[in-house]
Amino acid sequence: MDRMDRKDLQETSNNLPDKTTSKNASTNSLDTDSKSSSIGSKHGNETGSSKDTPFTYLEGEEDQDQKNDVTYVCPYRGPAYGALTITNYRLYFRSLPLRDHEPPVVVDIPLGVIARVEKIGGASSRGENSYGIEIFCKDMRNLRFAHKQQNHSRRTVFEKLQSYAFPLSYSGKLFAFAHAAAIGSSAAGENGWNVYEPLAELRRLGVPNDMWRATKINENYTVCDSYPAVWAVPKQASDDFLRRVAQFRSRCRLPVLSWMHPRSQATITRCSQPLVGVGGKRSADDEQYLNYIMEANAQSDKLAIMDARPSANAIANKAKGGGYESEEAYKNVEIHFLDIHNIHVMRESLRKVKEVCYPTIDDSKWLSSIDNSLWLKHIKCILAGAVRIVDKVETMSTSVVVHCSDGWDRTAQLTALAMLLLDPYYRTLRGLEVLIEKEWLSFGHKFQQRIGHGDNRHSDADRSPVFLQFIDCVWQVSQQYPNAFEFNEHFLITIIDHLYSCRFGTFLGNTEYDRVQEDLKHKTISLWTYINSSVDQYLNPLYPSFTQGAQTVLRPIASMRIVKIWKGLYCRWNPSMRPQNKIYNRTRELLTMQEQLVKQVTEKRLKANMRQTTQAASRLASPMH
């Protein structure tokens, strides 16, 4: 059954949803309007729905508050009067149509998407819809609900939203735990927590070999608490040696293998900055270790260090005890600064994009406003950095070490994107899941702090759209190479939506250590379990799955002439920016047509082969022979 059809339930007479619990673990709670590459998004919408039906409750989802006399102040269709439901997972509003056959306005948004909630107006407010609540979201939207002053409905709505949108600030637990507990062992399909297995992925890369080995030195996370348990390191480096090297790297994040070229053995390794400081400290062990990495690649007598930061920032970090590798101290090393700015610059840039895209778009200032946000410039810099890494590894057969300051933000962007460009495996649906698990989750990108799951500190300086930028870069590459990726835009948007939703355990916590301590593998469900249970909707019909047509190495053009704003993500809430046809449905049609055509080609080839065999046999049986 199509998952969109599972939502077809009956509505009660007072237009509040029935308490109907979905028995299918893969039911999509975020569907209200769109499957069209998530343009109207799985995260609810503000458009009219043609079906007079409520939402489907997820396992573990419970009503917390219901109000029948709330007005949603829609920036596109104007005020809509209706009923508001708050559960422990979502906010759901449904308007009461004023005329027959008028589609209701529906807002269906997971509480994890909410960044902050504010009261607007007070006892003296007199203007229409001037008294209520404003909700600021992590997915580019702001939502405003007006309440009637006399019935005091605002207070309980505000309190419930605070309590369930920010449970960690009120000694509560995220919805992912209640959801998994309610499902129990009945979840169907493959367990997404098993998608990435470190030793299996290393074997795919050809490790162990003559020059590299796997080590479980960090099995208890005692050497580096933000690194994974399993590393691949040069064979010449003993475990005791590795411990000494770790002491000279910020947060003990020493260089560890990310990827190895299957032919040249050139590698991409990742780490944090060396603790050089103003005095120019040196570490013989660290210098020797980088030499081991260089020597493990017989094709080159150089090692390229890609420092993601602007050079001025790298120099300034010396005052804080950090810095970068000097070419005088590190022999046979060349250092390149990639000019990617820090998390604070990126946060401010995204804020400006939001101002441009929501709620209204000023057509006369669209191009200048997008340009002034500098978002596309930052995306271009990340792409350009990844392309430089690809060029060193693929063209020059030179091993590359990548770092920024701590090695968990810009470093992850660069290594993951370069690996995606170099290795076709990461351009498959499962491959991208493995890449995210490996380069982002296991190597300690601080998702909890960067996204602020269940936390009401909306102005926290640690918040930043670092992972969003990576997914944006993947989309940019897919626009330049539309047949190189097995997955489609809908897959990427689904990942971003559930980055915020807190329905799954995949992006919870800051490190692998955190997730092991919380036992998320057993207490929550993986996003990949959900996605892999119905992959058809995420597949790209242009991907040459039945031929060997996919290019091995991609080299996208990192230019302001080519990079563009991802309207399907950032502008999806604006009805005027949505395509008329549902891309999701069209994609499924194309996949079905492709399957039929492949079947026809196979049958025709089989018949042609049989005909040739019959003709050859008849010639052999002929008296002329």
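Tutor: Two helices, α14 (489–501) and α18 (567–570), each supply at least two residues of the lining of the second largest cavity. The model is predicted, so local features need pLDDT of at least 70 and side-chain atom pairs pLDDT 80 or more, while totals for chains, interfaces and linings use all residues. Residues are numbered from 1 along each chain as its sequence is written, and side-chain values use heavy atoms, without hydrogens or water. Helices (H or I, at least four residues) and strands (E, at least two) are DSSP runs numbered from the N terminus.

The second largest cavity holds about 60 Å³ of space. Its lining consists of K138, D139, M140, L468, I496, Y500, L569, Y570 and R572. I496 and Y500 fall within α14, and L569 and Y570 fall within α18. Six of the lining residues are nonpolar and three are charged, with no polar residue. The nonpolar class is Ala, Val, Leu, Ile, Met, Phe, Trp, Tyr, Cys and Pro, the charged class is Asp, Glu, Lys and Arg, and the others, including Gly, are polar. On a 1 Å grid over the protein atoms alone, a cavity is where a 1.4 Å probe fits but cannot get out, a pocket is an open set with protein on both sides within 12 Å along at least five of seven lines, and lining residues have an atom within 4 Å of a point. Points are joined across faces, edges and corners, and a volume is the space filled by the probe spheres set on them.

The volume of the largest pocket is about 710 Å³. At least two lining residues come from each of β5 (114–120), β6 (132–137), α7 (343–357), α12 (447–452) and α14. The largest contribution is that of α7, which gives seven residues. By class, the lining of the largest pocket has eleven nonpolar, five polar and ten charged residues.

α14 also packs against another helix, α11. The axes of α11 and α14 (lines fitted to C-alpha atoms over the stretch in contact, with angles from 0 to 180 degrees between N-to-C directions) come within 12 Å and cross at roughly 30 degrees. The two helices are therefore roughly parallel (under 35 degrees; over 145 is roughly antiparallel, 65 to 115 roughly perpendicular, the rest oblique). The crossing of α11 and α14 is right-handed, that is, the near helix is turned clockwise from the far one by less than a right angle, anticlockwise being left-handed. On the α11 side L429, L432, E433 and I436 take part, and they meet F491, L492 and I495 of α14, with contact meaning heavy atoms within 4.5 Å. The α11–α14 contact has six nonpolar residues, one charged and no polar.

α11 (residues 429–442) also packs with α10 (residues 410–422), at about 150 degrees and with the axes 10 Å apart. Because of that angle, α10 runs roughly antiparallel to α11. This crossing, too, is right-handed. The α10 side consists of A412, Q413, T415, A416, M419 and L420, and the α11 side of L432, L435, K438, E439 and W440. Of these contact residues, seven are nonpolar, two polar and two charged.

K438 leads on to the largest cavity. There are four cavities of 30 Å³ or more in the whole structure, and the largest contains about 100 Å³ of space. Thirteen residues line the largest cavity, and Y196, V230, W231, K438 and F443 are the closest to its centre. The elements giving two or more lining residues are α3 (198–205), β9 (231–234), β10 (256–260) and α11. The lining of the largest cavity divides into ten nonpolar, one polar and two charged residues.

Of its 21 lining residues, W193, Y196, E512, V516 and K521 lie nearest the centre. Two or more lining residues come from each of α3, α11, α15 (512–517) and α16 (520–523). The lining of the second largest pocket comprises ten nonpolar, three polar and eight charged residues.
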